[in-house]
Amino acid sequence: MKISKPTDAELEILQVLWQHGSNTVRFVNEQLNEKKETGYTTTLKLMQIMHGKEMLTRNDSNRTHIYDAAVSEHDIQKELVDKFLDTAFRGSASKLVMHALGSSQTSKEELDQIRQLLDQLEGGK
């Protein structure tokens, strides 16, 4: 299944549902409002559109509709990183990693995790 690239607003809604699980429009709207003011009808309309794009599932067996993410966080992250890698770094994963590590503070724990991943990729240790 081809995953539609979410807009920034759609990604914010997905992040609420990934973090808190299935929920109502009201709950999602309250969570969004903690970061920036968003109207209830705006959230409702966006979630209806996302349901139409098959990004969300909707349980409408009760009066209050419950929405859930139909796409996994991992799949969306992979889609976004792949697109970013192709467009910004012409497909070079090493340039992306060098840039990311060179422009931010990387903790010892993160470096250990990166080393462990490299060892696994090399089929080793």
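Reader: Let's start with N23. Is N23 buried or exposed?
Author: Keep in mind that this is a predicted model. N23 lies in the loop between α1 (8-20) and α2 (25-33). The cut-off for buried is under 20% relative accessible area, and N23 has 17%. So N23 counts as buried.

Reader: Which residues is N23 in contact with, leaving aside its neighbours within four places in sequence?
Author: A contact needs heavy atoms within 4.5 Å. With the neighbours within four places set aside, the partners of N23 are L17, H65, I66 and Y67.

Reader: Okay, now V16. Where does V16 lie, and is V16 buried or exposed?
Author: V16 sits in helix α1. Its relative accessibility is 9%, and anything under 20% goes into the buried class. That means V16, in helix α1, is buried.

Reader: How many Å apart are V16 and V28 in space, C-alpha to C-alpha?
Author: Along the sequence, V16 and V28 are twelve residues apart. V28 is also on the contact list of V16, together with G21, F27, Q31 and L32, once neighbours within four places are left aside. From C-alpha to C-alpha, V16 and V28 are separated by 6.4 Å.

Reader: What about A70: in which loop is A70 found?
Author: A70 has 37% relative accessibility. Exposed needs over 50% and buried needs under 20%, so A70 counts as partly exposed. As for its place, A70 is in the loop between β2 (66-69) and α4.

Reader: Which residues does A70 contact, and how far is A70 from M50?
Author: Leaving aside neighbours within four places in sequence, A70 touches E54, M55, L56 and T57. M50 is 20 residues away from A70 in sequence. In space, the C-alpha atoms of A70 and M50 are 9.5 Å apart.

Reader: How many aromatic pairs does a search of the whole structure find, and what is the angle between the planes?
Author: The search finds one aromatic pair. F84 and F89 form that pair, with 5.7 Å from centre to centre. Planes over 60 degrees apart count as edge-to-face, so this pair is edge-to-face, with an angle of 70°.

Reader: How far apart are the C-alpha atoms of K83 and A100?
Author: K83 lies in helix α4. K83 has a relative accessible area of 47%, so K83 is partly exposed. K83 and A100 are 17 residues apart along the chain, and their C-alpha atoms are separated by 16 Å.

Reader: Let's zoom out. What pattern does the protein chain follow along the sequence?
Author: The protein chain has six helices and two strands. Read along the sequence, the pattern is α-α-α-β-β-α-α-α.

Reader: What is the radius of gyration of the protein chain?
Author: The C-alpha atoms fill a box of roughly 55 × 30 × 30 Å along the principal axes. A compact globule of 125 residues would have a radius of gyration near 14 Å. For the protein chain, the value is 18 Å.

Reader: What percentage of the residues count as buried?
Author: The protein chain exposes about 9,200 Å², with carbon and sulfur atoms supplying 50% of that area. A residue needs under 20% relative accessible area to be buried. Of the 125 residues, the share that counts as buried is 22%.

Reader: Last one: how far apart are the mean positions of the positive and negative charges?
Author: The protein chain has 16 positive and 19 negative charges. The distance between their mean positions is 5 Å.

Key
Residues are numbered from 1 along each chain as its sequence is written. This is a predicted model: local features need pLDDT of at least 70, side-chain atom pairs count only at pLDDT 80 or more; totals for chains, interfaces and linings use all residues. Side-chain values use heavy atoms; hydrogens and water are left out. Helices (H or I, at least four residues) and strands (E, at least two) are DSSP runs, numbered from the N terminus. The radius of gyration is taken over C-alpha atoms; the globule rule is 2.2 Å times the number of residues to the power 0.38. Buried means under 20% relative accessible area, exposed over 50%, partly exposed in between (1.4 Å probe, protein chains only). Accessible areas come from the Shrake-Rupley method with a 1.4 Å probe; for residues, only the protein chains shown count as cover. Lys and Arg count as positive and Asp and Glu as negative; His and the chain ends are not counted. The place of a charge is taken as NZ of Lys, CZ of Arg, CG of Asp or CD of Glu. Rings of Phe, Tyr and Trp (its six-membered ring) pair if their centres lie within 6.5 Å; planes under 30 degrees apart count as stacked, over 60 as edge-to-face and the rest as tilted.
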